[in-house]
Amino acid sequence: MPLSRRNFIQNAVLGISAAGLSAAPALAKNISSSTAHIISKTSGHADTSTNKSLHIISLDRLETSAKDVMTEAAYAYIAHGAGDEWTYHENRRAFSDYPLLPHRLSGVAAHSIDIRTDLLGHHLEHPLLIAPMGAHMFVHPEGEVIAAAGAEKAGALYESSGASNRSLEDIAKASKGPKWFQLYFNADAGVTRSLLERAKAAGYSAIIITADALGPGTSDAFLSMSSPFPAGATFGNHDPRYGGKGDFFNQKVELTRLILSL
C-alpha cells in the first residue's frame with residue numbers, strides 16, 4: 001500500500017523506524033457488537049442516530065441538519081473525507097470553477113425539457129444514479145435495504161456497495177428497479193467468483209470494479225474516535241449467516257492478473 005500523508009505523519013511523530021513505514025494501518029477488521037458501538041447523543045446507549053425528521057432544502061443545508069441529529073461518530077464517518085480531507089476540499093474548490101449559466105427567455109419551457117436517458121439497457125427517467133456507499137447501518141438499522149427501496153421510489157439506478165452491511169440479496173429484494181453491484185476483487189478467486197455468481201442470481205445487471213479500499217479512506221476525525229462502527233454491523237456480503245464467505249479486507253492488489261485468471 002502506498003504511503004499516505006497520514007501514515008507519514010504518524011510514523012514521524014511516533015519515531016517509528018523506516019522499516020515500519022510500509023506497514024500502513026488498515027481499516028478496523030473486526031466489526032462486531034462486542035468491539036464496536038456508537039453512543040447516542042440523547043440516551044447514552046448504542047444507537048445509529050436520533051429519531052428526528054429532516055427538512056431537505058439543499059445538500060449543504062442537509063449536511064448541517066444531519067449533524068444535529070446524528071451521533072458524532074456516524075457524522076464523522078459519512079461527512080468527512082479521507083485523511084486530512086485535502087482531496088475533498090480541492091475537489092469542492094475545483095467544482096466551483098464551472099458555474100451553471102441559465103439562459104432565460106430562450107423559448108425553452110419546463111414542460112418541454114426531457115431528461116430521460118438510456119444507460120446500458122436501462123431506460124431511466126433521469127440521469128441520476130445512487131453511488132455505491134457502504135455501512136448504511138450508521139444511519140438506519142435496516143441499512144442499505146432502505147436506501148435501495150428509496151432509489152426505486154425515486155426512479156434511480158441503485159449501485160450496491162461491496163462494503164454494505166446488508167447482503168446483496170437482501171438489498172436486491174428491496175428494489176425492483178435497476179441495480180448494479182460494486183465488486184471488490186478478493187485475493188481468494190473463489191470468493192470473488194462467489195460474489196459475481198450471487199450478484200447475477202440476485203438480478204444485478206452490471207458490475208462496478210473498484211479499488212478504493214486498497215488505500216487509506218478513513219477520515220482523521222473518525223480514526224481519532226477509534227473507528228466506532230455500529231453495534232452488530234458486519235460486511236453482509238461476506239457474513240456466513242447470509243451465505244457469504246471470505247474476508248472483505250483480503251483484497252487483490254494485482255487486478256490484471258486476477259481478471260485474466262477468471
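Q: Why is L105 called exposed?
A: Its relative accessible area is 91%, and exposed means over 50% (buried is under 20%, partly exposed in between, with a 1.4 Å probe and protein chains only). So L105 counts as exposed. Bear in mind that this is a predicted model, where local features need pLDDT of at least 70, side-chain atom pairs count only at pLDDT 80 or more, and totals for chains, interfaces and linings use all residues. Residues are numbered from 1 along each chain as its sequence is written, and side-chain values use heavy atoms, leaving out hydrogens and water.

Q: Where is L105, and what is its phi?
A: L105 sits in the loop between α4 (86–95) and β1 (117–119); helices (H or I, at least four residues) and strands (E, at least two) are DSSP runs, numbered from the N terminus. Phi of L105 is near 55 degrees, a positive value in a non-glycine residue.

Q: What makes L120 buried or exposed?
A: The relative accessible area of L120 is 67%, so L120 is exposed. L120 lies in the loop between β1 and β2, and its phi, near 50 degrees, is positive although the residue isn't glycine.

Q: Why does H122 count as buried?
A: H122 has 15% relative accessibility, so it counts as buried. H122 belongs to strand β2 (residues 122–124).

Q: What makes the H122 and S205 pairing a polar contact?
A: Their side chains are joined at 2.8 Å, and a polar contact is a pair of N or O atoms within 3.5 Å; within protein, one must be able to donate a hydrogen and the other to accept it, and residues adjacent in sequence count only if both atoms are side-chain atoms.
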